[in-house]
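Trainee: I would like to learn how to read a few features of a structure. Can we take them one at a time?

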Amino acid sequence: MTEPHAVVLARLSADFAALSRQLAKVSTDLTELDRILTDRPLQAPVAAPVAPPQPAPVPPPQPVAPPVVPYWPQQPPQHPPQQYLPYRAPHAAPAQPVAAVRAPRSEGWIGKLLAVAGVAVTLIGVVLLLVLAAQAGILRPEFRVAAGALLAGALVGAGWWLNARPGGRVGAIALAATGVAAAYIDVIAVTTIYEWVPPGVGLALAAVIGAGGLTLARRWDAEQLGLLVLIPLIVLAPVVTDGITLLLVGFMLALAAASLPVQLGRDWIWLHAARIAAAVLPLLIALMVRHVDGREDLWLAGACGIAALIAVVAALILLPGTANRVAMALLTAVGVTPVLSVGLAVDRVVAALMAAALAAAMLAIVLLGDRLPGVPGVVRQVFSAVSAVSALIAVTVAFDGRVAGPVLLAMAIVVAVAGRHDDVARWAAFGFVIVGAGIHLSYAPPSALLEATETTAAAGISTLVSSVLLAACAVVVVWSWTGKAQRRPGALDDSAVRVLWVAAAAVIVYAVTTLTVTAGTLIGGPDRGFYAGHMAATICWIAMAAALFGYAARLPRAERSVPIGGGLGLVAAAMAKLFLFDLGTLDGIFRVAVFIVVGLILLGMGAGYARLLDRQDRSEQQDPVDRPAG
């Protein structure tokens, strides 16, 4: 029963090989025809003089006017008819340039399209030979593997021979790419389907074959050959291995590492993109599968780390010699995404450590950017953003919300101060503040300030710390932006600066209120402590307004508008809180104390601010008189 199947399979294999050879031959013929048709218009000017002498109707109607006839038999006039010659000569001459106009070249796209189709068809035939034949029990495994190896060697040899022939480059690239990919698929089948060799040996053989094909691409200076080696494997290798397995991931990582030395000295950005895709796509799919299955896989986490290492090292090596640095930096960011997603398959501690290690490595590259060729500029900004995102993921994965919030706010303060001269650092600090403030609001919402709520010691301490850090972040982050505006006039106008400081004041007021109410609740309980906290909050609002007025009084008259506006806003808010909330909510001694203290502070503010303002105005008026006398 197996003999008819063997005959059919042999006939199919022969048909696939003949089809591949025929497509290569057609591609070569089309390339030669394209060259002949392209060179043909260059010979057209030789036959141009045969054109009929009909340019006379082209010039203006002067030559056919009646005076032309009587001039020749009579005595020549004072102005001979040579004036008509300039009209005829220019119209007869342009006949040659018109024939030299060439049609746009086709660039041999038909031959290239057929070559790509030949690669796809042949590789599908190899997969059918190795997979379907094995499932149907047709032929012995030795014959299948040997047939695949012989076909791969024959295709590479035919490509080598065809490359030395005129017009055979397209077909040679297609044949060689098909042969290399077929050999690689053959090795995958030997390792995963038949298990004849250990995985380590299979990885080594795969790396050698892939490196050989890419070395041939470098020798021929053909990026297309490298792409035709990598891209089909990304699609067809999972078919041979029956899905995304750890061994397939190892195959792809080996191929990605082997392709790096081949690209040295070549600006092949598309080959680099294919290398990143070969490593990243299988890993992301495997991570999602592990997450759905609910299994932890440390080997898969290690593979994610290797993929990120390959992406970063490749970028540092290839950046000095590429003109596409932005694309290289973005591809590097894509190459490290498996590390940032590794929490899908491993414990949170491992995921946080890997993300933190990536953040530290990218930050080190950014800090050493001036010493690394190709890194300064946009690449450094992209790497800074990757470092910030990695740090954010590391913190949110490692800690729960009550700890992550204060940690992110503290990181925002450090980044805003240390990176106040860098745009990416300021945006990173702003992002940390947004996430940290969101976590703070989730545990200390505005509703907790309107109604007494009992809280635990751990939650209360976390809220106290995050409140202090949130107020400090509001000042430091806005200072980092407005400080730049003061050093570079025009970066931020005065209205933008005012808006930022108003937003910072609102955040500070909320943080102070949260601090006092939470502290009062922790110390005195949800009843008396809640009232005491709100009383302290109102007094703090008035005290901050007094501090702003005192600061404004020490500034020149032209610079007082912002602090005075902030102080008046705080006074208005404090008065509104005093009469709308404190008067109806506070009880007993707290209501009396808050009204007396706030009233005394307002009286002191009015008297003191008036005196300070009058004293400064008089000193400013006396300064112009005193200076000449000195």
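**A loop residue and a helix pair**

Mentor: Start in the loop between α7 (199–220) and α8 (223–240), where Asp221 lies. Bear in mind that this is a predicted model.

Trainee: Is Asp221 buried, partly exposed or exposed?

Mentor: Buried means under 20% relative accessible area and exposed means over 50%. Asp221 has 46% relative accessibility, so it counts as partly exposed.

Trainee: How do I read the packing of helix α15 against helix α16?

Mentor: Look at the angle and the distance between axes. Helix α15 (residues 378–398) and helix α16 (residues 401–418) pack at about 155°, and their axes are 9 Å apart. Angles over 145 degrees count as roughly antiparallel, so α15 is roughly antiparallel to α16. The crossing of α15 past α16 is right-handed.

Trainee: Which residues make the contact?

Mentor: From α15 they are Ala391, Leu392, Val395 and Thr396; α16 supplies Ala404, Val407, Leu408 and Met411. Sorted by class, this contact holds seven nonpolar residues, one polar residue and no charged ones.

Trainee: What does the secondary structure of the protein come to?

Mentor: There are 22 helices and zero strands. Of the 630 residues in the protein, 40% are buried.

Trainee: What is the accessible surface of the protein?

Mentor: About 33,000 Å², with 69% belonging to carbon and sulfur atoms.

How values were computed:
Residues numbered from 1 in each chain as written. Predicted model: local features only at pLDDT ≥ 70, side-chain atom pairs only at ≥ 80, totals over all residues. Heavy atoms only, no water. Axes fitted to C-alpha atoms, helices over the stretch in contact; angles between N-to-C directions. Helix = DSSP H or I, 4+ residues; strand = E, 2+ residues; numbered from the N terminus. Parallel < 35°, antiparallel > 145°, perpendicular 65-115°, else oblique. Left-handed = near helix turned anticlockwise from the far one by under 90°. Contact = heavy atoms within 4.5 Å. Nonpolar A, V, L, I, M, F, W, Y, C, P; charged D, E, K, R; others polar. Buried < 20%, exposed > 50% of the residue type's maximum accessible area, 1.4 Å probe, protein only. Areas by Shrake-Rupley, 256 points an atom, 1.4 Å probe, with all protein chains shown as cover.
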